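Q: I have a protein model open and would like to learn how to read its side-chain contacts. Could you take me through them step by step?

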Amino acid sequence: MIAEGIPVESDDSAPAIVTPRDTFSSCCAQNVVATQIPGADGVLVDLSWSISVESDFAGYRVYRSERPDERGQPVPMELLLSPTYRDSSVQSGHRYWYVVTAVDRTGNESAPSEPAAADLTQPLP
């Protein structure tokens, strides 16, 4: 703005300090496959999925449920660094559904993968 031919400018505002924060999660785990295998004490479930290529990837979290429409509880509790998990705590006669999430270094967790089912109600062939 110009007043009487002289440019007029206000005083500087207080400085704004901005700290960027990562609020975006990693891409979800994909192609989760559950395979039943015989173990020494019964049946085991091997899980595998496609590897994450995110630059800020911290690990995977595996959830198990006995209901297809629930995420369930994490097994194990710690993050996994490789795209595989062997579940040795399953019981014959049960059905399990697994989903996998990816977690970044900031702790942002992705949406769950498509569920992978393991039906332990039938004996292995």
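Q: How many aromatic pairs does the structure hold?

A: Keep in mind that this is a predicted model. The structure holds two aromatic pairs. Start with Trp-49 and Tyr-60, which sit edge-to-face, with 5.2 Å centre to centre and 75° between the planes. Trp-49 is in the loop between β4 and β5 while Tyr-60 is in strand β5, so this pair ties together parts 11 residues apart in sequence.

Q: And which residues form the tilted pair?

A: That's Phe-57 and Tyr-60, at 4.6 Å centre to centre and 55° between the planes.

Q: Is Trp-49 buried or exposed?

A: For this, look at the relative accessible area: under 20% counts as buried. Trp-49 has 6%, so it is buried. Tyr-60 counts as buried too, at 1% relative accessibility, and Phe-57 is also buried.

Q: Let's move on to charges. How many salt bridges are there?

A: To spot one, look for a side-chain nitrogen of Lys or Arg within 4 Å of a carboxyl oxygen of Asp or Glu. The structure holds six salt bridges. One of them joins the side chains of Asp-46 and Arg-86, at 2.6 Å from N to O.

Q: Why does the pair of Asp-46 and Arg-86 tie together parts that are apart in sequence?

A: Check where each partner lies. Asp-46 belongs to strand β4 (residues 42-48) and Arg-86 to strand β7 (residues 84-87), so the pair ties together parts that are 40 residues apart in sequence. Both ends are partly exposed: Asp-46 has a relative accessible area of 22%, and Arg-86 has 46%.

Q: Which residue forms a salt bridge with Arg-95?

A: It's Asp-119, and the closest N and O atoms are 3.3 Å apart. Asp-119 is in strand β9 and Arg-95 in strand β8, so this pair ties together parts 24 residues apart in sequence. Asp-119 is partly exposed at 29%, as is Arg-95 at 44%.

Q: Which residues are linked in a network of salt bridges?

A: Arg-61, Arg-71 and Glu-109 are. Within that group, Arg-61 forms a salt bridge with Glu-109, their closest N and O atoms being 3.3 Å apart. Arg-61 is in strand β5 (residues 57-65) and Glu-109 in the loop between β8 (95-104) and β9 (116-119), 48 residues apart.

Q: Where does the charged end of Arg-71 sit?

A: Over the ring of Tyr-63, 4.8 Å from its centre.

Technical notes. Residues are numbered from 1 along each chain as its sequence is written. This is a predicted model: local features need pLDDT of at least 70, side-chain atom pairs count only at pLDDT 80 or more; totals for chains, interfaces and linings use all residues. Side-chain values use heavy atoms; hydrogens and water are left out. Helices (H or I, at least four residues) and strands (E, at least two) are DSSP runs, numbered from the N terminus. Buried means under 20% relative accessible area, exposed over 50%, partly exposed in between (1.4 Å probe, protein chains only). Rings of Phe, Tyr and Trp (its six-membered ring) pair if their centres lie within 6.5 Å; planes under 30 degrees apart count as stacked, over 60 as edge-to-face and the rest as tilted. A charge sits over a ring if NZ of Lys or CZ of Arg is within 6 Å of the ring centre and within 35 degrees of the ring normal.
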